[in-house]
Structure formats: C-alpha cells, structure tokens
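Here are my notes for your read-through. Keep the viewer open while you go, and check each point by eye.

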Amino acid sequence: ISALERQIFDFLGFQWAPILGNFLHIIVVILGLFGTIQYRPRYIMVYTVWTALWVTWNVFIICFYLEVGGLSKVSLSWF
C-alpha cells in the first residue's frame with residue numbers, strides 16, 4: 001500500500017526514475033505473493049533478494065537526506 005501511495009505522489013512530480021522503481025517493486029511484490037501461494041521457490045528467492053536490496057536502498061536514501069555520517073546533499077569540495 002505504501003508503494004502505491006509513493007507511486008501516486010511521484011506521478012505529481014517529474015521524477016520518472018522513482019516511478020519506474022516503484023512500478024518494478026510492485027511487480028516483484030506481486031510475483032513474491034504468487035510464489036508464496038503457489039510455492040515456487042524461484043519466485044520466493046527473487047522476492048527475498050529484491051526486498052533486501054529495496055530496504056538497503058531506502059535506508060541509504062534516508063541517511064542521505066538526513067546527512068548521516070559523511071553523506072551530504074551539498075556538493076563536495078576537495079580543496
């Protein structure tokens with residue numbers, strides 16, 4: 001449900017990469033649910049790997065926007 005909400009808010013803007021990422025996420029979630037119901041180990045494995053990557057990416061984005069550690073939105077100066 002949260003992915004669908006995020007998809008709607010992304011459509012309001014002009015950020016097409018997050019829209020495609022959310023669409024891919026929704027497709028993988030559907031395949032994961034189908035794999036769980038039909039007990040298809042390959043679908044379950046794809047869903048597990050995708051979920052780990054998705055959570056890792058979202059944690060990175062959160063840390064980036066909160067400027068945790070050395071991450072910063074301001075351009076880095078090497079001088």
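1. First, a word on what you have. This is a predicted model, where local features need pLDDT of at least 70, side-chain atom pairs count only at pLDDT 80 or more, and totals for chains, interfaces and linings use all residues. Residues are numbered from 1 along each chain as its sequence is written, and side-chain values use heavy atoms, with hydrogens and water left out.

2. How confident is the predictor? pLDDT is its confidence in each residue, from 0 to 100. The protein chain has a mean pLDDT of 77, with 73% of its residues at 70 or more.

3. The fold is quick to describe: three helices and zero strands, in the order α-α-α from the N terminus. Here helices (H or I, at least four residues) and strands (E, at least two) are DSSP runs, numbered from the N terminus. Of the chain's 79 residues, 16% count as buried; buried means under 20% relative accessible area, exposed over 50%, and partly exposed in between (1.4 Å probe, protein chains only).

4. Take a look at H3. Its 25 residues reach 36 Å from first C-alpha to last, close to the 36 Å expected at 1.5 Å a residue (the expected span is 1.5 Å times one less than the number of residues). After H3 comes Glu67, with a positive phi near 55 degrees.

5. What does the record say? An unreviewed UniProt entry lists residues 16–37 and 44–68 under "transmembrane region"; such annotations may be inferred rather than shown by experiment. In the model, residues 44–68 are 88% helix and 0% strand, and their end C-alpha atoms lie 33 Å apart.

6. Now find Phe23, Ile27, Leu31, Phe34 and Tyr43, which make a nonpolar surface patch of about 420 Å². Helix H2 (residues 16–38) gives the most to this patch, four residues. Why might helix residues line up like that? An α-helix has 3.6 residues a turn, so residues three or four places apart point the same way. Phe23 is in H2 and counts as partly exposed because its relative accessibility is 48%.

7. Last, check Tyr39, in the loop between H2 and H3. Is Tyr39 buried or exposed? Tyr39 counts as exposed because its relative accessible area is 63%. Its phi is positive, near 50 degrees, in a residue other than glycine. Most residues other than glycine have a negative phi.

Definitions and conventions: pLDDT = per-residue confidence, 0-100. Patch = residues over 30% accessible without salt bridge, like charges linked within 9 Å, V, L, I, M, F, W, Y side chains within 5 Å. Areas by Shrake-Rupley, 256 points an atom, 1.4 Å probe, with all protein chains shown as cover. Salt bridge = Lys/Arg side-chain N within 4 Å of Asp/Glu carboxyl O.
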